[in-house]
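Welcome, and thanks for opening the viewer.

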Amino acid sequence: MASQKKGGAMSAVGGFFGAIGGFFKDFGVAFAKGDIFVKLSVLWMGAGYARRKQYIKALIMTALEAAIIAFTLTFAMQYVPKFGTLGTVVMERVFNMKTMKSEFNDYDNSFSILLFSLFSFVVWAGAFVIWMRNVVNVYRLQQKAEAGEHINTFREDMHSYIEEKFHITLLTLPVIGITVFTFIPILLLIFVAFTNYDQQHMPPSALFTWAGFSNFLSLFGGGLTTTFSYAFVRILGWTLVWAFFATFTTYIGGILLSVLLNSAKTRVPKLWRTLFIITIAVPQFVSLLLVRNFFSNGGIVNTICANIGLTGFLRDIGLVSTSYIPFLSAPGWAHVMIILINIWIGVPYQMLIATGVLMNLPSDQVESARVDGAKPFQIFKSITMPYMLFVTGPALVTDFVKNINNFNVIYLLTEGVYTTTNQAMANSQAKEVDLLVTWLFRLTQDYYNYKMASAIGIIVFIICAVFTLFAFNRMIGNGREEDYQ
Amino acid sequence: MKLRKAMAVVLSAAMAVSSAMVVSADEGPVTLTLWGAEEDQTLLGELVDEFKAAYPDQEFDISIGVESESTAKDTILTDPEAAADVFAFASDQIFDLVNAGALLNLEDFGEVLQMAGKTLDDVKAANVAGSVEAATVDGSLYAFPRAADNGYFLYYDSSVLSEDDIASWDSLLAAADAAGKKVGMTFASGWYNASFFYGAGFTTGLNEDGTTAIDWNGTSADGYTGVDVVKGMIGIASSPAFMAIADGDITNQIAGGQLCAVVSGTWDAIAAQEAFGDGYAATKLPTFTVGDTQVQQGSVAGYKFVGVNGFSENSGWAVLLAEFITNEASQQKFFDQRESGPSNNNVLASDAVSANLAMAALGKQAEFGVAQNVGGKFWDPSATFGEMIAQGNLSVDDDAAIQEALDTLVEGVTAPVE
């Protein structure tokens, strides 16, 4: 079964490369067999269309070609040639007393060079694909013309974009959006991880440059700073532990709660459900900050515990050494508290989802099980849970990934309250309760250590991507529906 | 080679032409942006109008933006080229700002200051020595001191504690314990806990490469060892009357009502007045025990500065504006309208300032205040060190463990900057 799926994944990858190969082959065939105008299209992108009397298309392609050349000469050429060094000219300033102004030299900004070079590469990659497609397209036109088939007018071509090619019209905007707002930033993040962009090398007044794999070396223990790898391993461990517990406690809790509320024996279920949903109605950061203050060292919970003698009792049996209970300020205590508070925050969401799913639970199965004499727990174990897992499996995977990057809960609960007493952690600006993502945040926000933050960001990305791929492949692979049946 | 020379000639010719154009296009108004704290906006507006009136020959277009002194660095370093020409910031940010080229070296602008009828030495002489020292990096002045109220001292309830009680930590804690009250201080912050080390003659400093120099694991100039200082701190933290307060939670705790004395700054004056009522009083910090002697606790003297962005184009006028809003008359206005503790010697000496209890206590402590020159790597390790003492992780009998913790602290603080 598993090998079959692996085979499926392999063939998908194979298909992908096959498509790329086919694309280049089409181009080769078109160029070799095309007439002089198809060949000319390699230089003048409008040539083939002009020959087939598609003058507007020829004009558009010519304009596009001119725009790309203009972009290359006026914009890309300012940055791309410096991509290898990320700039060499450091800022210099002279004050001119006559004008009362500072005069600057034409200095390089490593960050602009990196960003705009990447942007240029993406534009060129797009242009390259269009350029190849263009040759293939005009060759098709030539074939049509030779076969005496009808050649579309511009109006007919345009019309096809709201008919048979409507998907292209629909997808253009999202694809551009994803490229500009997701793809290029991720690319930038990846490249920064291979530079020395940190507080000592901050543009615009200083330059940064390529540093190879040194950031990853110091993250995994081969570099100069041993504490970084020390902190990384521990934070990664807690991140995974947290993601696991945060996901499953709220998941199970939500299902149990909704089963309880759906039960015929529960009175006024609507009232209870509303009460639980109120937690969602309050913005998360408000409730989290309040809870943080409740459980802080001098907070209301500690005052109550001290007054009823709980703090003294815990001191006597040696669980706490301080005059307060360190709910959110000592490792162990804080870890457990964070997961508990997260249950309170997260369960209502899961309860809502579970309620929806349970309403669609096939009642014939439950009925026949009951007729056969199954106990409520047996029904829950053998019918309800498998059904829930089948329907909400993909959501569970997304939740796990979301929890790996659950910045809000961790940061709002511990920032300003938790001070580590582990000196090795402190020396790499980390705390025991940090997730990779909160550590990354403080490295950039407080220490301008962009290179390490990028390296950590890549690791987080790889973890999430690999986990998602595997989990989805296992869960949504074909045949699961039959498994359930 | 020849080509390069030709290029150089062409380029310098182009430069000459463009700079000539700049000079001839000089007729329009000078555009400047000024950033200050939200609560200072009205006053800054008044000062800008006065500034314009002071230079009637020049046309200005000055806009004022909101940026708190405490967060100025974060915003400016995000994009120094887009940040304001003139901005206010807290003194501990000066090294990062200078390092990022976001502050102009004012030593280059002596000629400009003559337009205000001053020299740079006049500015330095007009403000308290500590503020000028804190605004100086590598021997050059990088910012104009505007306020000297960013330090801490002792607030106490004089209905609970007598003058004798507040002389030393030992008597303070004993009296508080007897009264069933607590004494609060933040240990988990390098800004607060450094006061013990500074008091005993230890130092921190900044090296040229941006790393921090720190000697707390050795013996100080006054002959005390770091281990003995830590033992003194453990002695305070282990007292049942001591309350270690998380950084940023002090105001809450003052209002909580358990405290009869607390280490904090002028920003908590109103909270302390409300909590202590008629007993409200403030003074310098107490002495603490190092070995078998009493040592006066030091403190960090913090200031507010106004600096000029290194990427400011109209830098000349920007320097004049920064000077104007920090001069004696402006600081007097800041004190009158905003109760901001002045750094100007003349304003500081006025009766109104010395009548203010908190301001007077700050003045008393200023004698023992130190400008804290540290890099970014100082904060996390020093906060952790203070928290270890506050939580009782270090035993007063275990010299070796204390020494090891101090060594680890020094190792973390002196780590190379990344």
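**Stop 1: two packed helices in chain A**

Start by selecting residues 284-294 of chain A, helix α11, together with residues 407-414 of chain A, helix α17. Their axes lie 8 Å apart, and the helices pack at an angle of about 35 degrees. α11(A) passes α17(A) in a right-handed crossing. Now show side chains: α11(A) brings A:Gln284, A:Phe285, A:Leu288, A:Leu289 and A:Arg292 to the contact, while α17(A) brings A:Asn408, A:Val409, A:Leu412 and A:Leu413. Coloured by class, this contact has 6 nonpolar, 2 polar and 1 charged residues.

Some conventions for the tour follow. This is a predicted model, in which local features need pLDDT of at least 70 and side-chain atom pairs count only at pLDDT 80 or more, while totals for chains, interfaces and linings use all residues. Residues are numbered from 1 along each chain as its sequence is written, and chains are lettered from A and ligands numbered from 1 in the order in which they are written.

- Helices (H or I, at least four residues) and strands (E, at least two) are DSSP runs, numbered from the N terminus.
- Axes are lines fitted to C-alpha atoms, for helices over the stretch in contact, and angles run from 0 to 180 degrees between N-to-C directions.
- A crossing is right-handed if the near helix is turned clockwise from the far one, and left-handed if anticlockwise by less than a right angle.
- Residues are in contact if their C-beta atoms, placed from the backbone, lie within 7 Å.
- Ala, Val, Leu, Ile, Met, Phe, Trp, Tyr, Cys and Pro count as nonpolar, Asp, Glu, Lys and Arg as charged, and the others, Gly among them, as polar.

**Stop 2: the domains of chain A**

Next, colour 19-212 of chain A as domain 1 and 219-484 as domain 2 (the bounds come from an automatic or database domain assignment). The C-alpha centres of these two domains of chain A lie 44 Å apart. Where they touch, 10 residues of domain 1 of chain A are in contact with 9 residues of domain 2 of chain A. The domain 1 side divides into 6 nonpolar, 3 polar and 1 charged.

**Stop 3: backbone details in chain A**

Most residues other than glycine have a negative phi, and most peptide bonds are trans. Select A:Lys53, in the loop between α3 (47-51) and α4 (55-79) of chain A. Its phi is near 65 degrees, a positive value in a residue other than glycine.

Then move to A:Leu86, in the loop between α4 and β1 (93-96) of chain A. The phi of A:Leu86 is also positive, near 60 degrees.

Is A:Lys53 buried or exposed? A:Lys53 counts as exposed because it has 12 C-beta neighbours inside 10 Å. A:Leu86 has 25 C-beta neighbours inside 10 Å and therefore counts as buried. (Buried takes 20 or more other C-beta atoms within 10 Å of the residue's own, exposed 12 or fewer, and partly exposed is in between; C-beta atoms are placed from the backbone.)

For a cis peptide bond, select A:Pro203 and A:Pro204, where omega is about 5 degrees. A:Pro204 is found in the loop between α7 (166-192) and α8 (214-219) of chain A.

**Stop 4: where the chains meet**

Show both chains: the contact takes 34 residues from chain A and 46 residues from chain B. On the chain A side, β2 (101-104) and α18 (423-427) each supply at least two residues. That side divides into 11 nonpolar, 19 polar and 4 charged.

**Stop 5: the domains of chain B**

In chain B, select 2-142 + 304-342 for domain 1 and 152-301 + 366-413 for domain 2. Their C-alpha centres lie 36 Å apart. Here 8 residues of domain 1 of chain B are in contact with 10 residues of domain 2 of chain B. On the domain 1 side, α4 (94-99) and α7 (129-134) of chain B give two or more residues.

**Stop 6: a sheet and a hairpin in chain B**

Now pick the open sheet of 5 strands with order β11-β8-β12-β7-β13 (chain B) and mixed pairing (strands pair if DSSP finds at least two bridges between them). β11 (242-244) and β13 (280-283) of chain B each have a single partner strand, so one side of each is left without a neighbour in the sheet. The twist averages 25 degrees from one strand to the next. Zoom in on β7 (residues 152-157) and β12 (residues 259-265) of chain B, which run antiparallel with 5 bridges. B:Tyr155 stands opposite B:Val262 in β12(B).

Finish at β14 (residues 287-290) and β15 (residues 293-296) of chain B, an antiparallel pair over 4 bridges. B:Thr287 has B:Gln296 as its bridge partner. The two strands form a hairpin with 2 residues between them, and B:Gly291 in the turn has a positive phi of about 65 degrees.

Definitions and conventions. Two residues are in contact if their C-beta atoms, placed from the backbone, lie within 7 Å.
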